[in-house]
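Let's walk through a model together, one feature at a time. Bring your questions and we'll sort out how to read each one.

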Amino acid sequence: MAKPRLKLVAPTTKKRTVTPTRLPNANLRTREYLTDVEVQRLMNAAGGNRWGHRDATMILVAYRHGLRASEVCDLHRS
């Protein structure tokens, strides 16, 4: 059997910490929520299509109950 030509060597890499590249949310925007006026404008804009009443109601329910978009999509009427 021939001798292998590979040999073990010690790793030369060093563990370094990675500096974050994204600023915190507080530095990017002043608030994290919509105001009542903004929600009303959003509902009015959504009310202009074929299923406007349904869409405006979903926006209102999501706003009042603090639902995420995926949680609103999982709602069922029973």
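This is a predicted model: local features need pLDDT of at least 70, side-chain atom pairs count only at pLDDT 80 or more; totals for chains, interfaces and linings use all residues.

**Reading the features**

A: Let's start with Ala45, which sits in helix α2, residues 36–46. Helices here are DSSP runs of H or I with at least four residues, strands are runs of E with at least two, and both are numbered from the N terminus. Residues are numbered from 1 along each chain as its sequence is written, and side-chain values use heavy atoms, with hydrogens and water left out.

Q: Is Ala45 buried or exposed?

A: Buried means under 20% relative accessible area, exposed means over 50%, and partly exposed is in between (1.4 Å probe, protein chains only). Ala45 counts as exposed because its relative accessibility is 61%. Its C-alpha atom is 12 Å from that of Thr57, twelve residues apart along the chain.

Q: Which residues of α2 are buried?

A: Val39, Met43 and Ala46 are the buried residues of α2. They cover an arc of only 65 degrees around the axis, so they are on the same side of α2. That arc is taken from the directions from the helix axis to the C-beta atoms.

Q: And what does the face of α2 turned away from its buried side carry?

A: That face has the exposed residues Val37, Arg41, Asn44 and Ala45.

Q: What do the buried residues of α2 pack against?

A: Their partner is α3, residues 52–65. Contact here means heavy atoms within 4.5 Å.

Q: How do I read a pocket?

A: Rolling a probe the size of a water molecule over the atoms shows where empty space is left. On a 1 Å grid over the protein atoms alone, a pocket is an open set of points with protein on both sides within 12 Å along at least five of seven lines, whereas a cavity is a set of points where a 1.4 Å probe fits but cannot get out; lining residues have an atom within 4 Å of a point. In this model, the largest pocket holds about 180 Å³ of space.

Q: Which residues line the largest pocket?

A: The lining is made of Arg54, Thr57, Met58, Val61, Val72, Cys73, Leu75, His76 and Arg77. Two elements, α3 and α4 (69–73), each give two or more residues to that lining. The most comes from α3, with four residues. By type, the lining divides into five nonpolar, two polar and two charged residues.

Q: How many salt bridges does a search of the whole structure find?

A: A salt bridge is a side-chain nitrogen of Lys or Arg within 4 Å of a carboxyl oxygen of Asp or Glu. The search finds four. Among them is Arg31 with Glu38, at 2.8 Å from N to O. Arg31 is partly exposed at 32%, and Glu38 is partly exposed at 26%.

Q: Which residue does Glu71 form a salt bridge with?

A: Glu71 pairs with Arg68, their closest N and O atoms being 3.2 Å apart. Glu71 is partly exposed at 30%, whereas Arg68 is exposed at 57%.

Q: Where is Leu6 found?

A: Leu6 is in the segment before α1 (25–28). Leu6 counts as exposed, because its relative accessibility is 78%.

How values were computed:
Grid points are joined across faces, edges and corners, and a volume is the space filled by probe spheres set on the points. Ala, Val, Leu, Ile, Met, Phe, Trp, Tyr, Cys and Pro count as nonpolar, Asp, Glu, Lys and Arg as charged, and the others, Gly among them, as polar.
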